Amino acid sequence: MGTLQSGFLGFHQAVYQGTRGIIGHRMIGVPSLLMTSVGRRSGKRRTAALVYAKDADSFVVVASNGGADVPPGWLHNVKAQPAVEVQVGRRRLDATAEVIGPDDARYTALWKLVNDRNRGRYDRYQDKTSRRIALVRLTPT
């Protein structure tokens, strides 16, 4: 991921967190949420701003890492500890993260849903890597 892009994403997340969700939900032109997971090794709370698509009562996010050959660290965290906190705008809720891989029957439909929401960006990320990008369904508990 480029320096400019990662700098902007960090700025976006800081604004989202700093305003407690008043600003940030649609700051990048598409809906985004904050997901807080627990570091699998450090035990520290880690927050990531992620584009999402709604699927029934759940939120679907993509472990794209900008199309890098390695997944984002938060994917390892939610695999180890699926209990997460989600903030959408000013609303906060507890949720369970479920990793959905390409072999899952739901994958293709959910990929299309979130890729369309993000204006085709995830297809471009997938083209950059041989790694099959996982989806994560965040279901409120």
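# Reading the labels in a predicted model

Biologist: Why is N65 called partly exposed?

Modeller: The relative accessibility of N65 is 26%; buried means under 20% relative accessible area, exposed over 50%, and partly exposed in between, with a 1.4 Å probe and protein chains only, so N65 counts as partly exposed. This is a predicted model, in which local features need pLDDT of at least 70 and side-chain atom pairs count only at pLDDT 80 or more, whereas totals for chains, interfaces and linings use all residues. Residues are numbered from 1 along each chain as its sequence is written, and side-chain values use heavy atoms, with hydrogens and water left out.

Biologist: What makes the phi of N65 worth a remark, and where is N65 found?

Modeller: N65 has a phi near 50 degrees, a positive value in a residue other than glycine, and N65 is in the loop between β4 and α2. Helices (H or I, at least four residues) and strands (E, at least two) are DSSP runs, numbered from the N terminus. Most residues other than glycine have a negative phi. A56, in the loop between β3 and β4, also has a positive phi, near 55 degrees, and its relative accessible area of 66% makes A56 exposed.

Biologist: Why is the contact between D55 and R137 called a salt bridge?

Modeller: A salt bridge is a side-chain nitrogen of Lys or Arg within 4 Å of a carboxyl oxygen of Asp or Glu; the closest N and O atoms of D55 and R137 are 2.6 Å apart, so the pair meets the rule. D55 lies in strand β3 (residues 53-55) and R137 in strand β7 (residues 135-140), so the bridge ties together parts that are 82 residues apart in sequence. D55 is partly exposed, at 22%, whereas R137, at 13%, counts as buried.

Biologist: How many salt bridges does this rule give, and which residues are linked in a network?

Modeller: The count comes to six, and R45, E85 and R92 are linked in a network of salt bridges. Within it, R92 and E85 have their closest N and O atoms 2.9 Å apart, and E85 counts as buried at 18% relative accessibility. R106 and D104 form another salt bridge, at 2.8 Å from N to O; R106 is partly exposed at 32%, and D104 is partly exposed at 25%.

Biologist: What makes β2 and β3 edge strands?

Modeller: Two strands pair if DSSP finds at least two bridges between them, and the open sheet of seven strands, with antiparallel pairing, has the order β2-β1-β5-β6-β7-β4-β3. β2 (45-51) and β3 each pair on one side only, as edge strands do. Strand β1 (residues 32-38) pairs with β2 in the antiparallel sense over seven bridges; here L34 has A49 as its bridge partner, and T36 stands opposite T47. Six residues lie between the strands of this hairpin, where G43 takes a positive phi near 75 degrees.

Biologist: How do you know that the buried residues of α2 line one face of the helix?

Modeller: The buried residues of α2 are W74, L75, N77 and V78. Seen down the helix axis, they fall within an arc of 160 degrees, so they line one face; the arc is that of the directions from the helix axis to the C-beta atoms. These residues pack against β1, β2, β4, β5, β6 and β7, where contact means heavy atoms within 4.5 Å. N77, for instance, is buried at 7% and, leaving aside neighbours within four places in sequence, is in contact with S37, V38, G39, R40 and R46.

Biologist: What makes the set that includes W74 a nonpolar core?

Modeller: A nonpolar core is a set of buried Ala, Val, Leu, Ile, Met, Phe, Trp, Tyr and Cys residues joined through side-chain atoms within 4.5 Å. The largest such core has 20 residues, of which L33, W74, V86 and L138 touch the most other members, and β1, β2, β4, α2, β5, β6 and β7 each supply at least two of its residues. Not counting residues up to four places away in sequence, W74 touches M35, S37, A48, L50, V61, V62, A63 and V136. Apart from this core lies another, of 14 residues, among them V51, I100, Y107 and L135.
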